[in-house]
Amino acid sequence: MGRRCRLCALLLVVAVNLTGPYGYITTGLPYLIEREREVVAPFPYPLRDALSKQQQQSDGIPRNGTVDAAHDFRFPAEFLFGAATAAYQIEGAWNADGKGPSVWDTLTHNHPELVVDAATGDVAANSYALYKRDVEALETVGFDYYRFSIGWSRLLPRGDRSSLNPAAVAYYNALIDELLAHGIEPVVTMLHYDVPQYLQNLGGFASPLIVDYFREYADTLYATFGDRVKVWITHNEPYDFCVEGYGTGSTGPLVYATGVGEYLCAHYVLLSHAAAYHLYQERYRETQGGTIGITLSGRYYYPATNTTPYETVERAIQFQIGWFADPLFGADGNYPAVMVEEIAQNSALEGRTRSRLPTFTSAERALVRGSADFFAYNYYSSRLAELDQTDYDPSVPPSWRRDARIVQSVDPGWSRAKSTWLYVVPEGLRGILNWYRVRYGNPTVLITENGYSDDGQLDDAQRIDYYARHLNAVLSAILLDGCNVAGYTAWSIIDNFEWLRGYSEKFGLFYVNFSDPSLQRVPKASANFMKRVITTRSIPAY
């Protein structure tokens, strides 16, 4: 980046009282943190610009196959490529330098039987110490941006600014500065599953208290890193996090509150996201010029039989993706009507005086609606869908799955990755991008994760095939269908801790030998493939 001079800068983080709609107030002591900063040429932030741009490249009208595949089937010049990770999965240093425990530290330490080989993220890829190797890997492939998450319990062990950790500030500053020095744009996810255990003890995302805590956390991030971070993602995959974490209790934070907990979690995820968004809008956007989204997940669905009505497919998508996307991008800032009606009806059958699905006030609907500058989305797989026609039994514990009444299955012709849930259905990615185009008026979409699991072999031909076919689906959606897609993010740049699967499944473009203390990052064949994609802006033969 040319000649640079070293300056000593003081970052004053002043704790303020934040009173939210639920009357909860947090206070904290001010911290004076000294850190070294580098004065460099202004960074261009191409992803920020692509996500902020008006939809000029596409009018949303399908092209009906008018693109010459032999000459024009290439990614547009402004299309960007990145790779992703998450804090708990790669950082290690689980209790180093003042970090507090997260719900995933608690799960892996207290319930090792839930994780394959009783693995933990205590060390993982040790990116807390080896982050420069990760940046080298990103630069080797030629990625434009890097999506990583900040460990809330590392930065604020007790959730608010009274516990601000200077060592964490220094670490994330060093990572961000290293990325910028190598021409890689930082994309920060605020929360990727690892809720501070301190806040979980207060109810976590089943409690309205979390809204103000998250707002204060976001405020700290903007004030500390917002001068260099211009793309923010508040939450990652709230569907998975809420249903499995607060409903079935099968994963962190292991809360079993089926039929109620998942809906409370989703409700406060959306309200906390909106709180963070409007805080940025009011205090930071004018000076920092960033953009904010929330990463949703969910499958595309196909009719299970020739007689399955399309309404069943629509119901399946609305219960999974529309649950979060409708309040954000829909017409009225509310949950899909099919969810509101079904859950209210089932709740009445159970003898409840109110629906298990929380209700937004009119003010909350106004806050949530439009509180995302772009549509961030993780895609891995699709399913066949059929409607469960059996009568609802109120004597059986309620659940999201029973409310949705969708029987999921797979086509026997679909191949499968190492992960038992990951069937290869690239056409589903094109299908869901078009669903967004039609239902939400063609929003700007950033694909924030897409990847394939195997045993970690260096010659990962099946991963290359997965990437090639999904990239082809993205190109088709852009060039043939008129979908507005700004970028594609590979999961993941390196092998890492894969939650309950531990280290038994590998998604990385770079191999990491977790039994070797050096934890070297070794490029797989897929890393070279992605480099060729980025260099040629096309999908090369493989």
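Is Ala-527 buried or exposed? Keep that residue in view; the notes below come back to it after a walk through the whole model.

1. **What you are looking at.** This is a predicted model. The protein has 542 residues, and buried residues make up 60% of them. Its secondary structure comes to 19 helices and 17 strands. If you count the contacts with a separation of 6 or more, 78% of them are between residues 24 or more positions apart.

2. Val-445 has Val-485 of β15 as its bridge partner.

3. **A second sheet.** There is also an open sheet of three strands in the order β10-β12-β13, with mixed pairing. The edge positions belong to β10 (300–303) and β13 (406–409); each has a single partner strand, so one side of each is left without a neighbour in the sheet. Neighbouring strands here are turned by 45° against each other on average, direction ignored. Strand β12 (residues 382–387) pairs with β13 in the antiparallel sense, over four bridges. Within that pairing, Glu-386 has Val-407 of β13 as its bridge partner.

4. Helix α13 (residues 310–329) lies across β10, β12 and β13 and runs at about 160° to β10. Helix α17 (residues 426–439) lies across β10 and β12, running at about 100° to β10.

5. **The largest pocket.** Where is the open space? The largest pocket has a volume of about 1000 Å³. Its lining is made of 37 residues, and Tyr-193, Glu-237, Asp-240, Glu-244 and Trp-421 are the closest to its centre. Helix α10 (residues 238–247) gives the largest share of the lining, five residues. By type, the lining divides into 12 nonpolar, 15 polar and 10 charged residues.

6. Helices α3 (87–90) and α6 (152–155) each supply at least two residues of the lining. In this second largest cavity, the lining divides into three nonpolar, five polar and four charged residues.

7. **Back to Ala-527.** This residue lies in helix α19 (residues 525–536). Ala-527 is buried: its relative accessible area is 4%, while the cut-off for calling a residue buried is under 20%. Which residues does Ala-527 contact, leaving aside its neighbours within four places in sequence? They are Val-141, Leu-509 and Phe-510. Leu-509 is 18 residues from Ala-527 in sequence, and the two are 5.1 Å apart in space, C-alpha to C-alpha.

Technical notes: Residues numbered from 1 in each chain as written. Predicted model: local features only at pLDDT ≥ 70, side-chain atom pairs only at ≥ 80, totals over all residues. Heavy atoms only, no water. 1 Å grid on protein atoms, 1.4 Å probe; cavity = no way out; pocket = protein on both sides within 12 Å on 5 of 7 lines; lining within 4 Å. Points joined across faces, edges and corners; volume = space filled by probe spheres on them. Nonpolar A, V, L, I, M, F, W, Y, C, P; charged D, E, K, R; others polar. Pairing = 2+ DSSP bridges. Axes fitted to C-alpha atoms, helices over the stretch in contact; angles between N-to-C directions. Contact = heavy atoms within 4.5 Å. Buried < 20%, exposed > 50% of the residue type's maximum accessible area, 1.4 Å probe, protein only.
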